Amino acid sequence: MYQQMIFVNLATDDVAASRKFFTELGYSINPQFSTDDCSCVVISDTIIAMLLSKQRYADFTKKEIADSTKTSEVLLCLSAESREKVDELVAKAVAAGGTANDDVQDQGFMYGRSFEDLDGHSWEVMWMDPAAVQG
């Protein structure tokens, strides 16, 4: 069965530093689609983050590239298999140089936190009780 994929393209000031950051979160790099100005981060079988130097990113758009430390261009949300995994990923992000957002979203059946990566991109991490999804 066909599974649609998403390729999230993000501009970065330092491809090598961003590559290191995401590998410290536990994600792998696909070397086939990575160069000095692009890093292909494999988040899952269907989610890929393409970290592009700003020069390379500009090859794909005529628009001004957002300064993600000052403006919000996208909110990315990743699911987690438990509350503990939410906390674990945010802790890894902070240890790797990211910044945690202090707001915790705890609605009982849903739990989430967020962090910013080295370039200020916002990443949310969320767990939802499977019983709440089915019901």
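**View 1. T99 stands opposite E116 in strand β7 of this predicted model.** The model is predicted, so local features need pLDDT of at least 70 and side-chain atom pairs count only at pLDDT 80 or more, while totals for chains, interfaces and linings use all residues. Residues are numbered from 1 along each chain as its sequence is written, and side-chain values use heavy atoms, with hydrogens and water left out. Strands β6 and β7 run antiparallel and are joined by five bridges (strands are DSSP E runs of at least two residues, helices H or I runs of at least four, numbered from the N terminus; two strands pair if DSSP finds at least two bridges between them). Three residues lie between the strands of this hairpin, where G108 takes a positive phi near 80 degrees.

**View 2. Helix α3 has V86, L89, V90 and A93 as buried residues.** These four cover an arc of only 95 degrees around the axis, which puts them on the same side of α3 (the arc is that of the directions from the helix axis to the C-beta atoms). The face turned away from the buried side carries the exposed residues E84 and A95 (buried means under 20% relative accessible area, exposed over 50%, with a 1.4 Å probe and protein chains only).

**View 3. The largest nonpolar core has 23 residues.** Such a core is a set of buried Ala, Val, Leu, Ile, Met, Phe, Trp, Tyr and Cys residues joined through side-chain atoms within 4.5 Å. Those with the most contacts inside this core are F22, L25, Y27, F115 and W123, and α3 gives the most to it, with four residues.
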